[in-house]
Each structure stands twice: as C-alpha cells, then as structure tokens.
Amino acid sequence: METQVNEDMHGWSRAVAMEKRLVQAYRQAPWRIQTQRGVLILVVSILIISIFWVMVSVSVQAATAGLQLQTLEDEREDLRRQIAGLRTKIAIQTSKAQMEQRAAALGFVPVTPEDITYIVVPGYTGRTPEIQASPPSKTIQQPLIKPSYTQSLWEWLLQGVLEFSEQPGGMLP
Amino acid sequence: MSKISPISRYTFIGGALTLVGLLIFVWMIQIQTSESAEDLRAMGQNYTYILKTIFPERGNIYDRWGHLLAGNVEVYEIGVDLPSMKDPKTIAITLAEVAGLDYGKVYGELTKEEDPDRPRRYVVLANDLTPEMIDQIKAQKEQLDAQINLETNARKRAALPSLEGLLWSPRLQRSYPEGTLGASILGFYSYKDPNEAKGYFGVEGEYDDLLAGQPVQILVPTDPYLIGESPSIPPGVSLVLTIDREIQAMTERVLDEAVADNDAESGTIIIMDPRNGEILAMATTPRLDPNEYWMYEEIFPNPIPFNRAVGQTYEPGSVFKVLTVAAGIDAGIVTPDTPFLDTGVINVGGIPIYNWNRGAWGPQTVTGCMQHSLNVCLAWIAQEMGPTTFYTYLQRFGIGHLTGVDLAGEVNYPLSVAGDPNWYPANLGTNSFGQGVATTPIQMITSISAVANKEGKMMAPHVLKAVIENGEQYNNPPQVIGTPISAETARTVTHMLAESLEGESSEALVEGYRVAGKTGTGEIPGPGGYLSNLTNASFVGWGPVDDPQFIVYVWLEKPTTSPWGSVVAAPVFREVVENLVILLDLPPDSVRQQLASQQGISAR
C-alpha cells in the first residue's frame with residue numbers, strides 16, 4: 001500500500017517536473033522579452049519621428065518655395081522696372097536733340113535738295129515702320145506654376161482618371 | 001531599513017511626466033477653445049495678409065518709327081521710420097549731399113515735435129530719387145553700419161553717425177525723353193502723387209484708361225505656407241502714333257521761327273496724309289515740357305488752350321473758300337471756267353460785301369476768283385447755290401461738328417444754318433469766304449482733305465496708328481467719315497488751286513513740286529466788331545498734285561509784320577514742304593515721273 005502511494009507520489013512529481021520543463025522550454029527568456037519590447041518601441045518611435053520628419057520637411061520645403069516665389073516675383077518686378085528705366089534712358093540718349101548734337105559734332109550737316117540724288121533700287125519699297133510687337137495670335141496664357149505643384153494627390157488622381165477616360169475608347173495607348 | 005523598489009520609482013517618474021504632458025495637452029485644448037481664442041484668431045487674421053495695390057506700368061508711347069516719346073523711369077521714394085531713427089542729423093546731411101535736399105527742411109521735419117494725438121510713424125522726405133542716388137545712400141549706410149558693428153563700447157557705439165531708420169522704395173515715374181517735342185500731341189501725366197495721377201490733354205488724356213491699365217489690389221500672405229503665385233498684372237497698353245519724330249521736330253522749328261519772325265501771338269501747323277487721315281506732325285505754340293507739367297498754369301494762363309490745333313476755334317477767312325468752291329462745282333453751279341464779272345460789291349441779305357482790297361476785278365473765271373481771293377465772287381457762288389445747298393455741303397464737310405480726332409480737348413463752334421434763330425441772310429455771303437463761321441485748324445484740314453486726296457473722301461483725322469497689348473500689336477485702320485464731294489470735283493478743285501497758285505506766283509510755290517493751296521486772312525471779331533488791325537493768317541496746301549501725299553495747314557495768330565496770309569503764312573507752307581519732301585523721301589515731280597517710267601520699263 002505504502003509502496004503504491006510512493007509510486008503515485010513519484011509519478012505525480014515527475015509529471016510536475018515534466019510540465020515545468022515544458023513551460024521552461026516554451027517561455028521567452030526575460031531579457032529577450034525586454035529586448036523585443038524595446039525594439040518595438042524604437043520601431044514605433046522611429047516610424048512616428050519619420051512621419052513627423054517628412055511632414056516637417058515637406059512643410060519647410062513648401063515654406064521655402066513660397067518665400068523663393070515671393071523673392072523671385074520681387075526680383076521680376078525689379079527687373080521690369082529696370083528694363084523700363086533703361087529703355088527710357090536709351091531713348092534719352094538717342095533723342096532728336098542728342099542725335100543732332102552728335103551728328104553736328106561728327107561734322108554732319110542737314111541735307112539740302114541739291115545734295116540728293118534719287119535712284120531706283122529694285123525691290124525697295126520705301127522705309128517700313130519698325131514692328132513693335134507681333135500681330136495678334138490665339139495663344140492662351142498659361143500659369144507659370146505647373147498644376148502638379150499645387151494639386152493634391154486626390155486632384156492629381158482624379159485628373160489622371162479623367163484624362164484616361166477622355167482618351168478614344170478609354171483605352172490605354 | 002525598507003528598500004524602495006526601482007520599478008515603483010520609475011513608475012512614479014513616468015506617471016508624473018505623463019501627468020505633466022496630459023496637463024499641457026488639456027491646457028492647449030483649453031486655450032484653443034477659450035473665448036479669447038476667437039479674438040486672438042481674429043487679431044492674427046489682420047497680420048496674415050497685407051493688402052497691396054499694384055499699379056501696372058503705364059504704357060509707352062512711340063512715334064511711327066518706334067522712337068520712344070513717353071516712357072517710364074525708375075525712381076525711389078525715400079522716407080524715415082521715426083521709431084527706429086537714431087541720428088536725424090546724419091540723415092539730413094546725407095540727403096542734402098546726395099540728393100540735394102534742403103538740410104534745414106529735412107532736419108526740421110525729422111525733429112518736429114510730435115502731436116500726441118496724431119503720432120507720426122513714417123515721414124516721406126522725397127519721391128523722385130534716382131537709382132544712382134540710392135546706390136550712394138546704400139553704400140554710405142553700409143559703411144556706417146560696419147563702423148557701428150566694429151565698435152564694442154556701447155556708449156561710443158551710440159554716439160557714432162547712423163542712417164538707421166532711413167527707408168526707400170522703388171516705383172516707376174513717367175518720363176518724356178524728347179522734352180517738348182510733340183508735347184501738344186502727347187499731353188502730360190501728373191505723376192507726382194501715384195494715387196491721384198492722371199493723363200491730361202493730348203494722347204495722355206484721350207487714352208488715359210488704356211495707358212494706365214487696371215490697378216489691382218491683392219492680399220499678399222505673410223505666412224510663407226500661404227504664398228502662391230501672384231496674379232500677373234499686365235502693363236498698360238502701349239501706343240504707336242502716326243507722328244513722325246523728324247517731321248514733328250522740323251515743323252516745330254519752322255513754326256517757332258515763323259512766330260518769332262512775324263511777331264505773331266501764336267502759331268499752329270498740322271501736316272496730315274490726306275489719303276488716310278494720319279497726322280504726321282502737329283505743332284502749336286506755346287508748348288510745355290511734360291517732364292515739368294506743374295508749369296502748366298504758368299504757360300497756359302486762362303483762356304489759352306493746351307493745343308490750339310484742336311482746342312481753339314477761329315474765323316479762318318479765305319481758306320474756307322476751298323469748301324465753297326468745291327461745293328459750287330460739285331453742285332453743278334459753277335466750273336473752273338465759269339465767267340464772273342466782278343464789280344467789287346455784292347449785296348447779300350441786305351448787306352454789301354466787298355473784296356479784300358475793296359476793288360473791282362472785272363471779268364474773271366472761277367479760277368481767277370480763287371487766284372485773287374475775291375469775296376464778291378464767292379458770295380455770288382453761295383448765293384447761286386442757295387442757303388439750303390450751301391449749308392448742306394458745309395455740314396457734309398463736318399463744319400460745326402467735332403472731327404473726333406483722338407486728342408483730348410477738341411472743341412467746336414456750332415454752325416448756324418438757314419432757319420436758326422441766330423442766322424441772318426447776310427451770313428450766306430460772309431460764310432462763303434470764311435467770316436462769321438468758326439472752326440478749328442483740325443476741322444479745316446479734315447474738311448479740305450476730301451479735296452486733297454482727289455477722291456472726295458473725308459478721312460477721320462487720327463494720331464493712333466496701333467496699340468500694343470500683351471505683346472501683340474493691333475493696327476488702327478483708317479476710316480472714311482464722309483464723302484462730301486465727288487472724286488471728279490476733288491480733282492478739279494485741286495488742279496484749279498494749283499493753277500491759281502501758279503497764276504499769282506505765290507510765295508507758297510515749291511521748286512520741283514506742283515502744289516495746290518489757298519491763302520486765308522481772317523478778321524478777328526471783338527466786342528465792338530472786327531478788330532481792323534489784327535488778323536488770323538492761314539494757308540492750306542497739298543501736293544504733289546498728281547499724287548497727293550501731304551496736306552499742310554498753317555495758322556499764324558495776329559501777326560504784326562503783315563496781316564495777309566499770302567505774305568506771312570504762304571512762305572511758312574513753302575518752308576515746311578521743302579523740308580517735308582526730304583523727310584518723306586519724295587523726289588521732285590520730274591524725277592518721280594522719270595523713275596516711275598524706269599520702273600515701268602524694268603517691270604516689263
């Protein structure tokens with residue numbers, strides 16, 4: 001009877017020991033768990049930081065582009081003013097009074113009818129007015145900034161879909 | 001001794017930090033949703049955008065060959081931001097040295113005692129400094145700033161000269177490179193105050209809206225995230241005129257000499273292409289340098305008009321006979337050879353009308369009547385036509401109406417016709433030779449251009465040849481504003497007036513070129529009747545007769561050397577044409593016909 005009990009006890013303790021061994025075999029070591037958690041936090045942190053970095057970076061780029069745009073527009077205005085001013089300065093330098101003075105200084109005198117000899121120059125149709133600008137055209141003014149710089153992703157996708165659908169038969173080329 | 005577990009310590013610190021974070025977060029939300037947040041947001045909105053008015057560049061004005069007659073130059077407004085100003089003395093000295101401003105005035109303005117109710121923030125000291133002046137000021141400021149930065153002692157630094165607070169901003173200002181040349185046509189632009197600036201007289205006045213463009217107010221974001229492409233503000237429209245700079249200069253020179261030589265009160269010369277109505281030159285006296293437009297009231301005291309060619313009516317005298325004879329021939333009343341016995345007087349409407357010399361010229365033809373400028377003969381032609389026909393023709397010639405020339409300030413004097421309360425039968429006689437009727441020089445040249453172009457078509461007088469908008473040029477086509485007479489009549493009158501000039505060996509004849517024309521001496525009406533000593537001397541002529549390319553109108557007001565148009569105005573016409581044919585590359589008639597035949601042969 002006692003032998004039987006001892007055997008039972010022994011069997012039970014063996015079973016418990018076996019179970020412990022199994023649990024120990026499948027449970028992570030504590031340092032591993034800590035490492036995994038640390039890595040997870042690090043990955044999530046890096047992900048969040050990356051997202052913020054991208055956002056900040058894009059924002060900074062947008063702000064820089066905005067400031068550059070304003071600077072360039074100011075520069076364009078400056079250049080326009082300078083061009084207008086230089087054009088007028090040239091006109092002052094080549095004004096009738098100035099040119100007459102220069103011509104006189106170079107020894108030229110006003111022509112008289114006796115000095116003139118008229119000849120026929122084949123193909124010459126007389127003095128033609130200087131063309132100040134080209135004749136009217138049907139060119140449509142395009143904005144300076146391409147739409148892709150101002151469109152949202154959604155607008156860009158929508159435009160792409162619309163363009164695709166407007167192609168003959170809606171087929172890809 | 002109890003030992004605190006490290007885990008509980010970390011938990012405590014972590015919890016405290018989390019709590020602080022949460023508190024900050026809650027506080028942020030509270031601030032964002034509080035009542036004052038709306039006010040703060042509204043205040044912030046005021047600084048989000050700056051309202052900016054952009055004045056487009058005023059359009060340029062060119063002559064027909066592209067010479068710039070009116071443009072823009074870069075100038076700077078200079079002022080002082082008073083709160084940041086440190087050294088008014090140095091600012092005043094610098095501006096006196098560089099820009100020639102009055103030291104005392106500048107210093108006084110900068111150190112003026114402040115009105116506590118209206119504190120000043122910014123003071124404008126000058127608004128027309130050149131870029132070169134600004135470069136000098138900039139260099140001086142940089143030099144002074146460098147000295148200040150080198151000084152380490154704060155007290156010494158404060159005592160150093162400084163241009164702190166001095167600010168400048170650029171803008172465009174109207175400029176007329178040719179000075180007074182063509183000033184009567186151009187008008188002027190009052191540029192001193194950009195907000196009140198406006199074009200006056202001439203082209204500047206007539207096309208002010210086009211030249212100015214559309215000023216635009218835009219909101220410029222101060223937040224760089226909101227900055228986008230600013231709307232492109234197109235400059236004002238540029239104008240290309242029919243005026244030829246060389247011809248204009250020559251015309252003004254000849255006119256100034258004629259006015260001085262004849263001691264006339266004023267003078268006017270218009271040169272037009274009768275085939276299309278293009279005005280090649282228009283000179284009047286006095287003239288204003290539009291770069292100094294503020295002299296206007298001094299140069300043009302009331303009632304002197306800015307441009308007499310369009311702004312003053314006068315009784316033209318015998319140049320008007322061109323219209324009467326053209327009407328008579330066109331109506332079939334007379335021909336150049338119709339005989340007329342001049343007895344020296346004719347009674348029209350109960351009033352006797354005499355010739356200019358009160359003489360009787362005996363048997364004449366209509367050509368002879370024009371050659372000797374016989375008032376009696378022309379009054380007879382008008383009488384033969386009758387008032388209805390005569391005035392119908394005058395109305396067809398546009399007398400009494402504005403020509404519509406594209407120059408601001410055109411005036412007209414209404415024509416009294418039969419049936420009007422202020423018309424008397426005697427008017428028929430006096431009107432026939434240009435008395436009792438008032439016109440402007442532009443009206444006369446426009447009416448007579450119908451005769452001069454040999455087609456009987458009256459062309460709209462104009463100075464605008466083309467406009468340039470957004471880099472594209474739009475031409476202004478010539479317009480016919482009436483056909484008062486037939487082409488045959490125009491040719492007949494032209495040949496008749498060429499013969500009459502040759503017949504009287506006129507001072508207007510030009511060697512090598514056959515021209516047609518007519519003198520005019522108009523008496524000047526005053527409060528008590530006509531002023532016997534003073535006249536308006538005129539001449540209208542055109543040529544070459546076989547291929548008319550120019551018509552010239554000369555008017556000298558109250559010449560004192562001689563009252564007669566044939567003496568004072570005809571030589572002016574000749575001098576103008578002698579120079580004009582050179583500038584137009586117009587060979588003498590014989591050469592032109594020879595060259596034409598050569599071209600014909602080579603073409604064959």
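1. How many of the 12 residues of H17(B) are buried? The model is a predicted one, and in it 12 of the 12 residues of H17(B) are buried, so that the helix is mostly covered. Among the buried residues are B:Pro441, B:Gln443, B:Met444, B:Thr446, B:Ser449 and B:Ala452. The length of the helix may also be checked: at 1.5 Å a residue, helix H17 (residues 441-452) of chain B should span 16 Å, and its end C-alpha atoms are 15 Å apart, which agrees.

2. The residue B:Lys454 follows H17(B) and has a positive phi, near 65°. B:Lys454 belongs to the loop between H17 and strand E16 (458-459) of chain B. B:Lys454 counts as buried because 23 other C-beta atoms lie within 10 Å, the cut-off for a buried residue being 20 or more. Most residues other than glycine have a negative phi, and most peptide bonds are trans.

3. B:Asp263, which is not a glycine, has a phi of about 50°. B:Asp263 is placed in the loop between H10 and strand E10 (266-273) of chain B. Is B:Asp263 buried or exposed? B:Asp263 has 12 C-beta neighbours inside 10 Å and therefore counts as exposed.

4. Two cis peptide bonds should be noted. One runs from B:Asn302 to B:Pro303, with omega near 10°; B:Pro303 is in the loop between helix H11 (296-299) and helix H12 (308-311) of chain B. Another joins B:Gly543 and B:Pro544, with omega about -20°. B:Pro544 sits in the loop between strand E21 (529-543) and strand E22 (550-557) of chain B.

5. B:Gly520 is part of strand E20 (residues 516-526) of chain B and is buried, with 29 other C-beta atoms within 10 Å. Apart from neighbours within four places in sequence, its contacts include B:Pro316, B:Phe320, B:Gly434, B:Phe539 and B:Gly565. B:Gly520 and B:Leu501 are 19 residues apart in sequence and, C-alpha to C-alpha, 13 Å apart in space.

6. B:Gly409, by contrast, is found in the loop between helix H15 (375-396) and helix H16 (425-432) of chain B. With 17 other C-beta atoms within 10 Å, B:Gly409 is partly exposed. Not counting residues up to four places away in sequence, B:Gly409 touches residues including B:Phe201, B:Gly205, B:Pro305 and B:Val310. Between B:Gly409 and B:Gln594 there are 45 Å in space, C-alpha to C-alpha, and 185 residues in sequence.

7. How does strand E9 (residues 238-241) of chain B arrange its side chains, and which strands does it join? B:Ser238 and B:Val240 point one way from E9(B), while B:Leu239 and B:Leu241 point the other way, and all are buried. Strand E2 (residues 61-62) of chain B runs parallel to E9(B) and is joined to it by 2 bridges; B:Ile61 has B:Leu239 as its bridge partner. Strand E17 (residues 464-469) of chain B is antiparallel to E9(B), with 4 bridges between them, and B:Leu464 in E17(B) stands opposite B:Leu241.

8. The domain assignment divides chain B into domain 1 (6-52), domain 2 (55-241) and domain 3 (245-289 + 301-464 + 477-595). The centres of domain 1 and domain 2 of chain B, taken over C-alpha atoms, are 45 Å apart. Contact between these two domains involves 6 residues of domain 1 and 7 residues of domain 2. On the domain 1 side, E1(B) gives the most, with 4 residues. By class, that side has 4 nonpolar, 1 polar and 1 charged residues.

9. Between the chains, 37 residues of chain B are in contact with 39 residues of chain A. Elements of chain B that each supply at least two residues to this side include strand E3 (68-81), helix H10 (245-261) and helix H21 (589-603). The chain B side divides into 19 nonpolar, 10 polar and 8 charged residues.

10. As to confidence, the mean pLDDT of chain B is 91, and 98% of its residues reach 70 or more. The model as a whole scores ipTM 0.82 and pTM 0.82.

Definitions and conventions. Residues are numbered from 1 along each chain as its sequence is written. Chains are lettered from A and ligands numbered from 1 in the order in which they are written. This is a predicted model: local features need pLDDT of at least 70, side-chain atom pairs count only at pLDDT 80 or more; totals for chains, interfaces and linings use all residues. Ala, Val, Leu, Ile, Met, Phe, Trp, Tyr, Cys and Pro count as nonpolar, Asp, Glu, Lys and Arg as charged, and the others, Gly among them, as polar. Domain bounds come from an automatic or database domain assignment. Two strands pair if DSSP finds at least two bridges between them. The expected span of a helix is 1.5 Å times one less than its number of residues. pLDDT is the predictor's confidence in each residue, from 0 to 100.
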